[in-house]
Amino acid sequence: MNLDNLSVPSKVKQELWPVMSKFRINTIERLAHFLGQCHHESGGFTKVRENLNYSEKALLKTFPKYFKGKDPKPYVKNPEALANYVYANRGGNGSEASGDGWRYRGRGYIQLTGKDNYRAFDAFVDDDILVGGHDLVATKYPLLSAAWFWDTNRINNLADAGTDFDDIARVTKKVNGGHNGLHERVILTHRYLSELSAEGT
């Protein structure tokens, strides 16, 4: 497998081999899926914290089920309040008032989200992630947390099925919980598949 042609930041490329080995992301298809998903979730490996700074229109489009009969205005351009509301009582988080939604919002290249995920990842690394080091997922472990999530959710098994549209849709559902940005994820997965399959230069 040739990584030389990969159009990813040099920092990501340098960290790839250990992650690939540790989590068995060790075929062209698995790595193409993994990089395609990470690329989309992180805006091309540039965003390591979830952006919850929504206009009213974008908020209603992104979280429609949470605002049926509820005034969205208090949450417009208010990332902390929005995170605490939409992530309350999910993924091990406490109530809206607990602040867990904001504390355990999406971080890393696959946007690790929710107290349960942070607790499990905390047990995997030496640093304190759960109590005081939430932002280490973004600053120190953006790729490792993504690969850990990938392995924990057995996404390699889905990636092994192939790289057709339906295959990428199934991987996307596991990563995203839905099919947000599916068209771009298909393009990116196929792009990385092509780069990984190319001859060395």
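Start with the charges: this protein has 27 positive and 24 negative ones, and their mean positions sit 5 Å apart. Keep in mind that we're looking at a predicted model.

**Overall build**
- Reading from the N terminus, the elements go α-α-α-α-α-α-α-α-α-α-α. The radius of gyration is 17 Å, close to the 17 Å that the globule rule gives for 201 residues, so the protein is as compact as a globular protein of that length.
- Taken along the principal axes, the box filled by the C-alpha atoms is roughly 55 × 35 × 25 Å.

**Packing and surface**
- Of the 201 residues, 48% are buried.
- Take the contacts between residues at least 6 apart in sequence: 55% of them join residues at least 24 apart.

**A look at helix α1**
- Helix α1 covers residues 10-22 and bends by about 40° at Leu16. A proline, Pro18, follows within four residues of that bend.
- Leu16 is also one of the buried residues of α1, together with Val12, Val19 and Met20.
- As a reminder, an α-helix has 3.6 residues a turn, so residues three or four places apart point the same way.
- The cover over the buried residues of α1 includes α2 (28-41) and α8 (142-152).
- Just after α1, Arg24 has a positive phi of about 55°.

Technical notes: Residues numbered from 1 in each chain as written. Predicted model: local features only at pLDDT ≥ 70, side-chain atom pairs only at ≥ 80, totals over all residues. Heavy atoms only, no water. Bend = angle between axes of the 7 residues up to and from the residue. Helix = DSSP H or I, 4+ residues; strand = E, 2+ residues; numbered from the N terminus. Buried < 20%, exposed > 50% of the residue type's maximum accessible area, 1.4 Å probe, protein only. Contact = heavy atoms within 4.5 Å. Rg over C-alpha atoms; globule rule 2.2 N^0.38 Å. Lys, Arg positive; Asp, Glu negative; His and termini not counted. Charge placed at Lys NZ, Arg CZ, Asp CG, Glu CD.
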